[in-house]
Amino acid sequence: MKEQRKKKHQTETLKKVLKYIEKYKIFLILSLFLAVATVIANLYIPVATGHVIDHILAPGQVEFPVIFRLLAKIGVITGLAALAQWLMNVCNNKITYEVIQDIRREAFAKIEVLPLKFIDGHSHGELVSRVIADVDQFADGLLMGFSQLFTGVLRILGTLLFMLAINVKITLVVVLITPVSLFVASFIARRTFSMFILQSATRGEQTALINEMIENQKVVQAFSKEKDVLKTFDEINGRLEKASLQATFFSSLTNPCTRFVNSLVYTGVGLVGAFLAMKRVLTVGQLTCFLSYANQYTKPFNEISGVVTELQNALACAERIFHLIEEKPQIPEPEHVKTLTDVRGNVELEHVCFSYEPEQKLIEDFNLRVKPGQRVAIVGPTGCGKTTIINLLMRFYDVDAGSIQVEGLDIRDVTRRSLRESYGMVLQETWLKAGTIRENLVMGKPEATEEEMITAAKAAHAHSFIKRLPNGYDTVIGEEGGSLSAGQKQLLCIARVMLCLPPMLILDEATSSIDTRTEMKIQNAFARMMEGRTSFIVAHRLSTIQEADIILVMKDGHILEQGSHEELLGQKGFYSELYNSQFAV
Amino acid sequence: MKKLLVYLKDYKKESVLAPLFKMLEASFELIVPLVVTAIIDVGIADRNSGYILKMCLVMVALGLIGLVCSVTAQYFAAKAAAGFGTRVRHQLFAHIQTFSFTEIDQAGTSTLITRMTSDINQVQSGVNMVLRLFLRSPFIVFGSMIMAFTIDVKAALIFVVAIPLLSLVVFGVMAVSIPLYRKVQERLDKVLGITRENLTGARVIRAFHKEEEEKARFEEGLESLTSMQNHVGRISAFMNPVTFVIINGATIFLLYTGAVQVDTGVLTQGEVVALVNYMSQILVELIKLADLIVTITKAVACGNRVESVLEIQSSMPADGAGKRTGSERCETKAPAVQFSHVGLTYRGAGGESLSDIDFSAERGETIGIIGGTGSGKTSLVHLIPRFYDVTRGEVLINGRNVKEYSLEELRQKVGIVMQRAVLFKGTIRENLCWGNRDASEEELYQTLEIAQGKEVVEGKEGGLDAFVEQGGKNFSGGQKQRLTIARALARKPEILILDDSASALDYATDARLRRAIREMEGSPTVFIVSQRTSSIQHADKILVLEDGEMAGIGTHQQLLETCKVYREIYESQYKKQ
């Protein structure tokens, strides 16, 4: 049952793979044709060699004219076969590399339109490994599987035909003994499978320990736990040694054992062939030809058994990528979508309900009306869901019920682009792209002049440290900001927003990594920036939010209180408790 | 790579026997064509069926002996490789444990993890392959040639020409393509980087609606990758066809020479067959050898990386300096912690991160440390348990230089709670017992109460025995912080360091925590690092740091009057009060 379902999955995946290959049909057909040519040439050469040998009998019994003709033939065929093989390789490469390029392109395009819910809910490392490692594995499997499986099958069939054409009896010998080799190989593979499972499980256990301990080496040392940790490590390491020895040894038996069976085939051919040659049914040349076939015939069998696992693995990888590619994208924009223009800063939330998990209710029936230029502060302990509001405002997530309106338009009816363009956002997790400082700053306003950029950087107090970098604004920073400190990165993010100055602002713990003195200086710039702009501010420092027009107090995802600073203090609720605790001893 | 091979020394026997048995197997394989020759020249020519039967039995026997030899070789190779891998892993892990913070910072944890795992695996399988094949393949290649010489010198000369030609092609293609494959890898890394960036930065990219630009950037990377892959592919696609041509060309010459030699009576028909057989054996082995060399290059590269980690010497050998124990010089009147004109320059850094830090903390005092981001607060407290060595001045604990203590003795005195709260996989109890192996249940609850973590434990099913997932994923930031504080308290330290470790706690809990620590028995000397003035304003002494220098020291009131930096920090947090 399970087996069947797995098979069905595999055929489905295979169909999808074939769809990708379809684009390169011509190359595929060419490649198949070349493979046939290569195999035939490969098989013909031993026959020709056999003929030559039959004309080299004994002193005085060598027919040079015939031999010359045959040798010339071998030469030409070799040349053609080599050419065919090279072209086939090139075709196969072309198909493989183009297909994986197509797949990667699609996967990436999907990443750009995936709902954030998906991105937040999956480990980024795992998604990256699907796009990179899985696709690579798939390519390897495809390339190897494709060329080896096809030529392997052809070779087996071709050899059979050629052998039958020469002599039926010896062919029977070969056909009867060969399955033994397959049997031995699959027997060993089955027996070693569990050993490999054990090895990789033990390896996984060890990797987990290594990860944990090396990542937190500093804590390990602070508590002088080095010896204990090493002891745990050695225990696993010992088990790994045993498992690894078993798996390696038993799996390495395949080669010698099949080689032994091959030598049996070889001997069988030699024996029967010699007797037939004695009776003059077979020439010595034909016997040599058979012997060389006997050597070749079993090889594709061994290869195919390897290829099958490789192909299965490749299909499993392909399935993981297709899962990503077929993932439901964010809701597409409706046909008659409007564009937000002339945003003044009217934001209205009406009966908004939202939760990340259906079972765990978060925001229920939340109403809020913000007028142009108002400041909304969101406070509460860490992890209380402050960021959720921002996710909804920017439409990173869609509300479950109710609506959010900007300038009277439901944000689901306007383009994402125009909505997001209306907000300037500084998040707690500072994200910078790999590139120069300049590229990062002008992200929101690519047409900005040098002067505008520097003015923005100065306002964000980033100019002085940028100036001190080796190449100033053209300094290349690595992935995720590389060598910059958390505070410096945050200053850059602030400068980025100060440059494009959209009509509304979202500041999510925008100054959390900046020391309070610098922060105070930036606050002035912020204040100027917020003038006349609707802004949403998340902060845990209460001092920075007292001046807000509306304060939302959140706890455990719920909005507990809502009002101005004075009103909330007067309520003597959670807010006043929070506020007073900062003065407590 | 050479130095790693030392770890094979316990497997000398296996490392010699494995290739030896492989060579034995190969030599039996080399005899087979001779037996076939005998069958043709004697058995068939003389119509001697008894002889043919006998020769076939010889072939089966050769196959059997080959099998036994080969299995033996595989076993020795697997044993040596598995043992080697295990020893290297142990050695490397143990070595990393001796690293001081300086070396950990320098090497980077993700690098160390890759070295420990995939790199060593590669080396291990490399060793296995080398032991199995490295002697076998050249042996068959040259063995075939030598066998050819025993048959006929003139024909053997064709081997002498063909083998170098073949090697030239096989190794030439490899020499060209291996560096190109490295380039492919580089371009793949770039594609990987863009993918990761678009996942981690999804919010920002969408906020600035850069999706289309990112797609274009990805496409560019992708295309350069594909074109490089096709380029390398075209080159390595040459290998098989060209070797095929050489081998068949050589066979043609062989057949011609053979024909001439048979015609003049120097060779028999069977001997020509044997020569052809030897020629085809060479091709198979050369291709195996090429595969092997790819594995070896990879393994050597990995091995060198592993070795480079092993070569990093700890700047702070664990059993090195001042093993002097006992407390003869431990004056009870000396301050608990004293910094005397301390300077710290991180390795590879341009300037000092701390300069001329000079202060002392009496037993039981609470010292607050405050300053902006990057002002050196964490660096300062990390000098106390000697995570880094000072580059100027000295740090004294109980009047003794920290370098005179053994690391274990020193760190036993200090309980530190780091900025990033880390829990380990296991139970809560196991985590707390990191601080003190023999802590009783009662003691654990006591420390939990001080750390404000009792409710955390009570809220979890199983209490102290509740399971902690790797990295403490099933705990919130605040919960983790409280547990790490409890862990540090469990060892009843003389010196307690809280490095911004209450940041995830709300003000009220933070305040309760500080009060509980002050009232703790044994009254440790406490260092509190914080950005909040509220966390440190009641400390006995407050140290104000700016750009690695002391901008002021004193009590809250004193500093408000005398220290401009402190006043500014304070005012920035309490603007309108």
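**Architecture and interface of the predicted two-chain model**

Chain A comprises 19 helices and 12 strands in its secondary structure. With a radius of gyration of 36 Å, well over the 25 Å that the globule rule gives for 585 residues, chain A is more spread out than a compact globule. The box filled by its C-alpha atoms, taken along the principal axes, is roughly 120 × 60 × 55 Å. Of the 585 residues in chain A, 43% are buried. Contacts in chain A between residues at least 6 apart in sequence join residues at least 24 apart in 79% of cases. The coordinates described here are those of a predicted model, for which the scores are ipTM 0.80 and pTM 0.73.

Two domains are assigned in chain A, domain 1 covering residues 168-281 and domain 2 covering residues 432-501. The centres of domain 1 of chain A and domain 2 of chain A, taken over C-alpha atoms, are separated by 55 Å.

Strand S10 of chain A, formed by residues 534-538, is mostly covered, with five of its five residues buried. From S10(A), A:Thr534, A:Phe536 and A:Val538 point one way, whereas A:Ser535 and A:Ile537 point the other way; all are buried. S10(A) pairs in the parallel sense with strand S3 (residues 375-379) of chain A over four bridges. A parallel pairing also links S10(A) to strand S9 (residues 504-508) of chain A, here over five bridges. A:Val538 in S10(A) stands opposite A:Ile378, and A:Asp508 likewise stands opposite A:Val538.

In chain B, the secondary structure amounts to 20 helices and 12 strands. The radius of gyration of chain B is 36 Å; the globule rule gives 25 Å for 577 residues, and the computed value is well over this, so chain B is more spread out than a compact globule. Its C-alpha trace spans about 115 × 60 × 50 Å along the principal axes. Buried residues account for 49% of the 577 residues of chain B. Among contacts in chain B with a separation of 6 or more, 78% involve residues 24 or more positions apart.

The domain assignment divides chain B into domain 1 (1-152 + 297-312), domain 2 (153-266) and domain 3 (337-573). A distance of 57 Å lies between the C-alpha centres of domain 2 of chain B and domain 3 of chain B.

The contact between the chains takes 120 residues from chain A and 125 residues from chain B. On the side of chain B that touches chain A, the largest share comes from helix H2 (residues 49-97) of chain B, with 24 residues. The class composition of this side of chain B is 59 nonpolar, 45 polar and 21 charged residues.

The mean pLDDT of chain B is 85, and 95% of its residues score at least 70. Within chain B, confidence is highest in H2(B), at a mean of 92, and lowest in helix H3 (residues 101-107) of chain B, at 77. Where pLDDT is low, predicted coordinates should not be read in detail.

Terms used
Residues are numbered from 1 along each chain as its sequence is written. Chains are lettered from A and ligands numbered from 1 in the order in which they are written. This is a predicted model: local features need pLDDT of at least 70, side-chain atom pairs count only at pLDDT 80 or more; totals for chains, interfaces and linings use all residues. Helices (H or I, at least four residues) and strands (E, at least two) are DSSP runs, numbered from the N terminus. The radius of gyration is taken over C-alpha atoms; the globule rule is 2.2 Å times the number of residues to the power 0.38. A residue is buried if 20 or more other C-beta atoms lie within 10 Å of its own, exposed if 12 or fewer, and partly exposed in between; C-beta atoms are placed from the backbone. Two residues are in contact if their C-beta atoms, placed from the backbone, lie within 7 Å. Domain bounds come from an automatic or database domain assignment. Ala, Val, Leu, Ile, Met, Phe, Trp, Tyr, Cys and Pro count as nonpolar, Asp, Glu, Lys and Arg as charged, and the others, Gly among them, as polar. pLDDT is the predictor's confidence in each residue, from 0 to 100. Two strands pair if DSSP finds at least two bridges between them.
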